[in-house]
Amino acid sequence: MKNLTIEPSKGYGDIKFGMSVEEIVNILGEPSNNEELESIIEENENCSVLYDYDDECMSVCFEGKTKPVVASISTYNEEATLFGERVYEMDRKQIVDLMKRNGYKDFDEEEQEGDTCLIYDELMMDFYFNNDELIDVVWGVFVDP
């Protein structure tokens, strides 16, 4: 995948929220791994199928019982950009500043055993850090199953 632009509420490059499993496979090919998470959807209304694309450094989560669609995306690709900047070159403070410059100042922060997560509920976007190093960006949209 050449376009590595993280687009809050829209998608990731050519991958858009609401796309079907078939559309994603047409773009990215078969996943390196897929995991059905049906038991979780019943408990937490979370994703039902997760496709991992190791070569692309990303995962795509599909939600929906009859026709699953892209509901969230996760990337750990060091080339990924958000608001025109490479986020994997930033520490926690720089990401908070980037988000503020783009109109998103409200966030929650969770810490656990050296890991930190910045949670931007308005965008359904989370930034995961290990010892202040960004290790994963996850964002999505609400999908009505």
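The conversation below concerns a predicted model.

Trainee: Which strand holds Thr116?

Mentor: Thr116 belongs to strand S11, which covers residues 115-120.

Trainee: Is Thr116 buried or exposed?

Mentor: Thr116 has a relative accessible area of 13%, so it counts as buried, the cut-off being under 20%.

Trainee: And what is Thr116 in contact with, leaving aside its neighbours within four places in sequence?

Mentor: Its contacts are Glu109, Glu110, Glu111, Phe127, Tyr128 and Phe129.

Trainee: Changing topic, which residues line the second largest pocket?

Mentor: Thr116 is one of them, and the lining also includes Glu110, Glu111, Tyr128 and Phe129. The space in this pocket is about 150 Å³.

Trainee: Which strand gives the largest share of that lining?

Mentor: S11 does, with four residues. Strand S10 (108-112), S11 and strand S12 (125-130) each supply at least two.

Trainee: How many residues of each class are in the lining?

Mentor: Five are nonpolar, two are polar and three are charged.

Trainee: In what sense do S11 and S12 pair?

Mentor: They pair in the antiparallel sense, over six bridges. Ile119 has Asp126 of S12 as its bridge partner. Four residues lie between the strands of this hairpin, where Met124 takes a positive phi near 50 degrees.

Trainee: What about S12 and S13; over how many bridges do they pair?

Mentor: S12 pairs with strand S13 (residues 133-140) over six bridges, in the antiparallel sense. Asp126 has Val138 as its bridge partner in S13. That hairpin has two residues between the strands, and Asn131 takes a positive phi near 50 degrees.

Definitions and conventions. Residues numbered from 1 in each chain as written. Predicted model: local features only at pLDDT ≥ 70, side-chain atom pairs only at ≥ 80, totals over all residues. Heavy atoms only, no water. Buried < 20%, exposed > 50% of the residue type's maximum accessible area, 1.4 Å probe, protein only. Contact = heavy atoms within 4.5 Å. 1 Å grid on protein atoms, 1.4 Å probe; cavity = no way out; pocket = protein on both sides within 12 Å on 5 of 7 lines; lining within 4 Å. Points joined across faces, edges and corners; volume = space filled by probe spheres on them. Nonpolar A, V, L, I, M, F, W, Y, C, P; charged D, E, K, R; others polar. Pairing = 2+ DSSP bridges.
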